[in-house]
2 protein chains.
Amino acid sequence: MQRPLILVSNDDGITAPGIRLLIQLMKEIGEVVVVAPDSPQSGMGHAITIGNTLRLYETEIYEGVKAYKCSGTPADCVKLGKHYVLKSKTPDLVVSGINHGSNTSISVLYSGTMSAAVEGAIEGYPAIGFSLCDYDPEADFSHVEEYVIKIARNVLDMGLPKGIALNVNFPPKQNEKIKGVKICRQAHAKWQEEFDQRFDPNGRRYFWLAGNFVNYDRGEDNDEWAIANNYVSVVPIQYDLTAHHAISLLNEWSF
Amino acid sequence: MQRPLILVSNDDGITAPGIRLLIQLMKEIGEVVVVAPDSPQSGMGHAITIGNTLRLYETEIYEGVKAYKCSGTPADCVKLGKHYVLKSKTPDLVVSGINHGSNTSISVLYSGTMSAAVEGAIEGYPAIGFSLCDYDPEADFSHVEEYVIKIARNVLDMGLPKGIALNVNFPPKQNEKIKGVKICRQAHAKWQEEFDQRFDPNGRRYFWLAGNFVNYDRGEDNDEWAIANNYVSVVPIQYDLTAHHAISLLNEWSF
């Protein structure tokens, strides 16, 4: 039987420890092709490169793996992976990550990691984004390995409904073992921004985006709750953004 | 009675004809504050600037209007608009556009225009993104003016349900008058990419993202149908990306 073809990307860049581990784990399951950004692309959301050119170079940093670094965004990587690298081959799975940092709740909108997965789903491929809720650059990923494999195998075996990608977040490593997997909804939470205002050596004002994550959600069926309680959270997400429940309301308006 | 406070942004940049018209129209309705990118930001999706600094400068290009140009993305503009420009004032409406080009169907994901509106909705403000389905830089916007006003007034009067922004697209100017407004769902369509491969003067390969829009949707209740039939399309969109219908399915999997 042919081994499944797995396209791997991320948003932290092709040399990040998270993608290094993801590549190693996916090699246990299938044939791996990597197309990932040549520089960090965190917070890029679903950006694509339309006003500028793209570069793509093959690299041999991962032994025995066909790998390309791309000057563009995570979404660009998946598009170029499909059209230029894989060409007529169809990936059985697209995986992105493992992100260094959380992509729970509202962060899914800003996430480059998830945009690579969503781009895969748009192309009709089963797709998963993985994130570790730990911002430490030396973060320990060892506790998530078995879950990455298990979730990827499940998706390969079962497929995913059309139009859906999985947003998987892992709790940071703790003394206690991970309690298991929770299928969740996106928590109702947001970033409460504060801008750190500074002045450059020429006396001109500039800003750093900063802020705190505020969770308004008191439910126990959401990704924030799962992570806080040492579960792996799996949220099925869709790229049909239509708020279907609001259509009848708007139809009552007079235009 | 106090005039409503309206925050205006876009993704084509603060000098684009589309935002110029939007500002002029919003001045008829309320007090206008503009925070818009200092350069084109098309295709930026919901990107935010987290690894770099942001600049914000007041500009007097719009007479009688407080206006700022920002070095960041549309989402950055709304965040800085809220925290630095408006401070304790709360906008009654956030509008973005009028975009030069379509943001129907899947394009909503890649749209900088819509990310400014969605960012407004995340902050709890009624928010609308306007786009004209005409890529001609000299495009005629005159036929949309009455609809921009009507839709903005409706949203100011009626409010919007929590978590929802409106994605409004206008057909290009035609001989026949616009037929009216249709409340729609996002059409099932996608971009069929093709990469235009070229070589620079040093012989190194580079790519331009190109491609065609492919509409798979045969329904008459979607935004593509509305535009093709000379209606204004209004799609309520949400930033809760959870595919709620897939949760029970995934709960049957064994992890």
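How many residues does the contact take from chain A and from chain B?

**View 1. The contact between chain A and chain B.** In this predicted model, the contact takes 61 residues from chain A and 61 residues from chain B. On the side of chain A that touches chain B, the element that gives the most is strand β11 of chain A (residues 232-238), which supplies five residues.

**View 2. The hairpin of β9(A) and β10(A).** Strand β9 (residues 189-199) and strand β10 (residues 205-215), both of chain A, run antiparallel and are joined by eleven bridges. Within this pairing, Gln192(A) has Asn212(A) in β10(A) as its bridge partner. The two strands form a hairpin with five residues between them, and in the turn Gly203(A) has a positive phi of about 80°.

**View 3. The packing of α2(B) and α4(B).** Two packed helices are described by the angle between their axes and the distance between the axes. Here the axes of helix α2 (residues 74-86) and helix α4 (residues 112-122), both of chain B, come within 7 Å and cross at roughly 30°; α2(B) and α4(B) are therefore roughly parallel to each other, since angles under 35 degrees count as such. The crossing in which α2(B) passes α4(B) is right-handed.

**View 4. The residues where α2(B) meets α4(B).** From α2(B), the residues Pro74(B), Ala75(B), Cys77(B), Val78(B) and Lys79(B) meet Gly112(B), Thr113(B), Ser115(B), Ala116(B), Glu119(B) and Gly120(B) in α4(B). The residues of this contact divide into five nonpolar, four polar and two charged.

Conventions:
Residues are numbered from 1 along each chain as its sequence is written. Chains are lettered from A and ligands numbered from 1 in the order in which they are written. This is a predicted model: local features need pLDDT of at least 70, side-chain atom pairs count only at pLDDT 80 or more; totals for chains, interfaces and linings use all residues. Two residues are in contact if their C-beta atoms, placed from the backbone, lie within 7 Å. Helices (H or I, at least four residues) and strands (E, at least two) are DSSP runs, numbered from the N terminus. Two strands pair if DSSP finds at least two bridges between them. Axes are lines fitted to C-alpha atoms, for helices over the stretch in contact, and angles run from 0 to 180 degrees between N-to-C directions. Angles under 35 degrees count as roughly parallel, over 145 as roughly antiparallel, 65 to 115 as roughly perpendicular and the rest as oblique. A crossing is left-handed if the near helix is turned anticlockwise from the far one by less than a right angle, and right-handed if clockwise. Ala, Val, Leu, Ile, Met, Phe, Trp, Tyr, Cys and Pro count as nonpolar, Asp, Glu, Lys and Arg as charged, and the others, Gly among them, as polar.
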